[in-house]
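Here is a short briefing to read with the model open beside you.

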Amino acid sequence: MADLGPPSLDSFRKGNLSASWKVVGVETSVEDNAVSKILSSSNQKATDLKQETSQDKVGNFLDDDHTHDTPAKILRRQLRDDRREWQAAELVQQDEKATVTLENAAIQRSKAVDSAVLGKYNIWRRENENDKSDSTVRLMRDQIIMASVYVSIAKMKNKLDLQQELQIKLKEIQHDLGVSTSDSDLPHSAPEKIKAMGKILSKAREQLYDCKSVNGKLREMLQASDEQVRRLKKQSTFLSQIAAKTIPYAIHCLSMRLTIEYYLLPLEKRKFPRSENLENPNLYHYALFSDNVLAASVVVNSTIMNAKDPSKHVFHLVTDKLNFGAMNMWFLLNPPGKATIHVENVDEFKWLNSSYCPVLRQLESVSMKEYYFKADHPTISGSSNLKYRNPKYLSMLNHLRFYLPQVYPKLDKILFLDDDIVVQKDLTGLWSVDLHGKVNGAVETCGQSFHRFDKYLNFSNHHISQNFDPNACGWAYGMNMFDLKEWKKKDITGIYHKWQNMNEDRALWKLGTLPPGLITFYGLTHPLEKSWHVLGLGYNPSVDKREIEHAAVVHYNGNMKPWLDLAMTKYRPYWTKYVKYDHPYLRNCNFSE
């Protein structure tokens, strides 16, 4: 054996050790040379180690039996073990040197940041350099994160002077960043602040860097951010529900002004013309139940403007006593051309009382009021059901749709319309659709899984599971053709009463009218062509524009109603084109497009 003595440390340093990570983006020549030396020797060192490992394996195999080892073999084995320890120590030392070289290179780059930094995302990785308009903004956010980490570590290690320096620079860069979302929003002082922050981060790294501490702090910050996101989402849901429930000032103003004018009118001037058409079954009748004057006006205007013969259309409006005067006054001032219109007050329907109507009895109960009013804060239990706690669910206007034959006993067919829809085509073709003996003509909504029965009804309850298919298609309220003759034959209102009585404790479904509608008209709904009724404009930003433009009716179902500030801008024009913004009442109440 030629190699009996322990190798010197210098001889090992002449060898090449594999670095654990590569340098990317070091721009200075000195740094390039240092890193190149580290990288260029990795292959040779790997070869040496492989050969030595092979030799060791052979030696170990031959020397497995140590019973008759000679002093020379024992010495050789000891020297081999010593050499391995030297190699391990040198690998660790060389790896640490490579890491330090890389970090120093990155820090030098951050110190050299000038106006040219605009357009570069991250000083630590050249591969992420790009021309994105927010690259400098993101760089500043990265610096803020690292500065926050080092502030915490400095405080923990009692480096108060460094902590104060970091806090000062942190406030400066946060001030410059502000609410900027693109580089063009940043002030001219931003590059200088980035350079200054790079220097203080370099100093902090030299004094405070500890992988375990930094990793722990970053993990802590990530968990805090996740919790904040969850809290903000919950708050956003709560606030959006409040916004959806709120009547805008302009609409409230309009209603009040119209109400005053209506009750100043003489009784003989409060009547609409053509009342003889109200019970003529040969005309096209519409049912519209609403407490929103402006929304109702858009439904009527859009229907008339797209009708081939407006004189054959009859609108039956029902509102509450608060808006009865305003609704009448608006259509007295703005009659729908040759069409017939009639406005009624739901509170004057004496037959609609708690002894006859289960839902009215339930709405007046203490348990229902407690269920509704307990959700007064976004963080309390049950806030996930905020969407059910909407005033419309406490209004009989919303449940009146289950009593159409009682409201219009002499009509054969009627088209039910919600007040958050816009009509874009003549609808008379719906009266010619053969419902094949069904009661309800509606567009199905089972294109997505969340619009099937199991998303609306409680299938853990045996009354539901034994009577309905969880995969049955749901359908949409908003535009529904009802055959009132078939309704009476099949006693639809009686079916509704039966299930509503069974849902006294809300064990079958939560509040609302769609779940009991799905139950009541189960097997009695005829699917209409989807182009008749396109939904989602009140919650879905991805509704196909071509579908919207070819639809007979578009529906703003969801919280983002077109008359609210939170409406989606791209969908509002389909609604605003039917609003008379030049009307004196609207101008006086500060309506704007």
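Cys357 has a relative accessible area of 0%, so Cys357 is buried, where buried means under 20% relative accessible area, exposed over 50% and partly exposed in between (1.4 Å probe, protein chains only). Cys211, by contrast, counts as exposed, at 52% relative accessibility. This is a predicted model, in which local features need pLDDT of at least 70 and side-chain atom pairs count only at pLDDT 80 or more, while totals for chains, interfaces and linings use all residues. Residues are numbered from 1 along each chain as its sequence is written, and side-chain values use heavy atoms, with hydrogens and water left out.

**Disulfides**

- Searching the whole structure turns up two disulfides, a disulfide being a pair of cysteine sulfur atoms within 2.5 Å.
- Cys253 is joined to Cys589, with an S to S distance of 2.1 Å.
- This pair links distant parts of the chain, 336 residues apart: Cys253 sits in helix 9 (residues 249-264) and Cys589 in the segment after helix 22 (584-588). Helices (H or I, at least four residues) and strands (E, at least two) are DSSP runs, numbered from the N terminus.
- The S-S torsion of Cys253 and Cys589 is about -75°, so this disulfide is left-handed.
- Cys253 counts as buried at 8% relative accessibility, and Cys589 counts as buried at 1%.
- Cys446 and Cys473 form a disulfide too, with sulfur atoms 2.0 Å apart.
- With a torsion of about 65° about the S-S bond, the disulfide of Cys446 and Cys473 is right-handed.
- Cys446 is buried, at 15% relative accessible area, whereas Cys473 counts as partly exposed at 25%.
- Counting bonded cysteines along the chain, the disulfides follow the pattern 1-4, 2-3.

- Seven strands make an open sheet with mixed pairing, in the order 3-2-1-4-7-6-8; two strands pair if DSSP finds at least two bridges between them.
- Strand 3 (340-345) and strand 8 (525-527) are at the edges with a single partner strand each, so one side of each has no neighbour in the sheet.
- Strand 6 (residues 440-442) and strand 8 run parallel and are joined by three bridges, and Asn440 stands opposite Thr525 in strand 8.

**Helices across the sheet**

- Helix 11 (residues 324-333) lies across strand 2 and strand 3, at about 170° to strand 3. Axes are lines fitted to C-alpha atoms, for helices over the stretch in contact (heavy atoms within 4.5 Å), and angles run from 0 to 180 degrees between N-to-C directions.
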